[in-house]
Amino acid sequence: MRRYAFVSFASALIALSGAAFAQKAQLLVYTALETDQLKAYEEGFRRTNPDIEIKWVRDSTGVITAKLLAEKNNPQADVVMGVAASSLALLDKNGMLQPYAPLNLDAIMTKYRDPKNPPAWFGMDVWGATVCFNTVEAQKRNIPKPETWKDLTKPVYKGQIVMPNPASSGTGFFDVAAWLTLWGDDNGKGGGWKYMDALHENIAQYTHSGSKPCNMAAAGEYIMGISFEYRGNTNKAKGAPIDLVFPKEGLGWDLEAFAIHKGTKKLDAAKKLADWASSKDAMLLYGKNFAITAQPGVAAPLANVPKDYESRLVKMDFATTAANRERVLDEWKKRYDAKTEKR
């Protein structure tokens, strides 16, 4: 009798736990967020939505964008979170996003969200260009700190610069987009391409990650890494012997942005994640990593990022950038891909 009671009790526990598990929705979220940010964001969401689990698929922006486009006719993702707005504009152009106005949309600055109503995507935070410059190695070799993008083409920096490949990395892509905006595209004949031709002469390697160039500079492998402010600020805060350079001509940037994938079978759960991702609680978390959040006045100043950082950003048109993306990347690969690191 006692054995029967125990078996019945255990069976009841299994049934209850099974029922609880069955009630949880699991969202497949494609992301390019840094791996050291995912845990805090997931924990923040689950504090208000304990019945929804997140399964991350993480890679660099270019890789995630290519994966989503390849899956266009057989989509796997429910949500795209922390991927460049220029990529989401491209997905939207291909009819792959589910428009949705999250609860907190009105608090997000209009320049940091899709202008349509309801929007196909909205921004979370700005990530922008920063050059990480190793002061110790530079002093050993008597190499001066640059102040401008044009400085990076000087012969003294030959073989001392690493930057991300724009086909793999969102950071690399917004650098290229910014240079073409500053100095001209003209289908491969403009001043932006002439600048990249000169810069290429000094590039030691193109990486597949936007963080890696700053990490390499921080480790002293190269004098300079063209990267972004989160990685620069984080590495310097950890004691890396680097200065952060913000070239005077203007800084490329993009938004870490959010969208719901059209066709998801978990639309209600995806909307809950959108509501949280647009909330002030989420913005406070983003603001620990980035100087500018999509809701204004939320981010606390970052120690190594200038207070006028936002005013230094180049004016970007995500729709135009998305429309030209394939042509620009094809031209870039034709000219410079030989120096890209092997996978």
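Cys214 has a relative accessibility of 0%, so Cys214 counts as buried (buried means under 20% relative accessible area, exposed over 50% and partly exposed in between, with a 1.4 Å probe and protein chains only). Cys132 is buried too, also with a relative accessible area of 0%. Before going on, a word on what you're looking at: this is a predicted model, where local features need pLDDT of at least 70 and side-chain atom pairs count only at pLDDT 80 or more, while totals for chains, interfaces and linings use all residues. Residues are numbered from 1 along each chain as its sequence is written, and side-chain values use heavy atoms, with hydrogens and water left out.

Back to those two cysteines. Cys132 and Cys214 form a disulfide, with their sulfur atoms 2.2 Å apart (the cut-off for a pair of cysteine sulfur atoms is within 2.5 Å). The pair ties together distant parts of the chain, 82 residues apart: Cys132 sits in strand 5 (residues 122-134) and Cys214 in helix 8 (residues 212-218). The angle about the S-S bond is -90°, which makes this link left-handed. The count for the model comes to 1 disulfide.

Now zoom out. The chain has 12 helices and 10 strands (DSSP runs numbered from the N terminus, helices being H or I with at least four residues and strands E with at least two). A compact globule of 343 residues would have a radius of gyration near 20 Å, and the chain's 22 Å agrees with that (taken over C-alpha atoms, the rule being 2.2 Å times the number of residues to the power 0.38). Along the principal axes, the C-alpha atoms fill a box of roughly 85 × 40 × 40 Å. Of the 343 residues, 55% are buried. Among contacts with a separation of 6 or more, 75% come from residues 24 or more positions apart (contact means heavy atoms within 4.5 Å).
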